Amino acid sequence: MKMLKNHVILFDNECPMCYAYTKAFVKTGMLAQDGREPYQEIPPDICPLVDHQRATNEIALVNTETGEVTYGIQSLFKIIAHAMPFFRPLFVFSPFVYLMRKLYAFISYNRKVIIPVAVKENTLQPSFNQRYRIAYLFLTWAITAYILTDYAHLLTDFVPLGSKYREYLICGGQLFFQGTIIIFYREEKLWDYLGNMMTISFAGSLMLLPVIILTEYFDFQPSFFLFYFLMVAGLMFLEHLRRSKLLKLGWVMSITWALYRLIVLSLIFIFNWS
């Protein structure tokens, strides 16, 4: 692969995803060894060329010879197209560029709730984009509920099956339940908390997928499905505690998170919800 010389990409060193893929650019020879720097530590010779806030939202690639700066998906296209020229026609195909720009923005504006880390003081943070956060909540809600609807069929020996919309209502209900509580508790954390909460739910549902797939090929005892589900729920609770600590929310939201599930489970048994 051909190296893009005299260029520096500015990544977010508080973002594990950004750290990983920019490091991959260097390791594969797409960029020079000194071709990546954290935007939190922008070199003095590059500093005046870069829109600092934009660089926190869209990864910046600086041409150190000409001073030209590209941002976001165009930065990634430039590096990849230089290393693998056969991608160039795709990277100028308008529908593909449009979709990739939207996908990049969707991930970039939600990266702090996908993989959260402790935020350092006095550092620039990505701008909040409510439209992309709502889109993230909707997508994770839909996928999580879909997977849980499939898994519910494996728990019929323990929990009444219910209608095909039940899991969608339960997942959506938790958004409103927890959202209402945090508005009264710590309103300024509303969107960060909901994003983190739905990442936990989404990750938990993905952990159920292997079992759903394996049931097509193997026979399991009904108790295995219950045990596995409880194990996943336990891991989700631990992750909720960890993320709540990062958000400095204490135990309150974790307690209400568990309480909601107990309330819903009680209602299912009391009314045989269907």
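Residues are classed by relative accessible area as buried (under 20%), exposed (over 50%) or partly exposed (in between), with a 1.4 Å probe and protein chains only. The model is predicted, so local features need pLDDT of at least 70 and side-chain atom pairs count only at pLDDT 80 or more, while totals for chains, interfaces and linings use all residues. Residues are numbered from 1 along each chain as its sequence is written, and side-chain values use heavy atoms, with hydrogens and water left out.

Rings of Phe, Tyr and Trp (its six-membered ring) were paired if their centres lie within 6.5 Å; planes under 30 degrees apart count as stacked, over 60 as edge-to-face and the rest as tilted. By this rule there are 19 aromatic pairs. The rings of Tyr 151 and Phe 229 are stacked, because their planes stand at 25°, with the centres 5.9 Å apart. Tyr 151 belongs to helix 6 and Phe 229 to helix 9 (residues 222-246), 78 residues apart, and the pair thus links distant parts of the chain. Helices here are DSSP runs (H or I, at least four residues), numbered from the N terminus. Tyr 151 is buried, at 1% relative accessibility, whereas Phe 229 is partly exposed at 29%.

Phe 224 and Phe 225 form an edge-to-face pair, since their planes lie at 65°, with ring centres 5.9 Å apart. Of these, Phe 224 is partly exposed, with a relative accessible area of 30%, and Phe 225 is buried at 8%. Ring pairs also join Phe 77, Phe 86, Phe 87, Phe 91 and Phe 96 into a cluster.

Definitions and conventions: Helix = DSSP H or I, 4+ residues; strand = E, 2+ residues; numbered from the N terminus.
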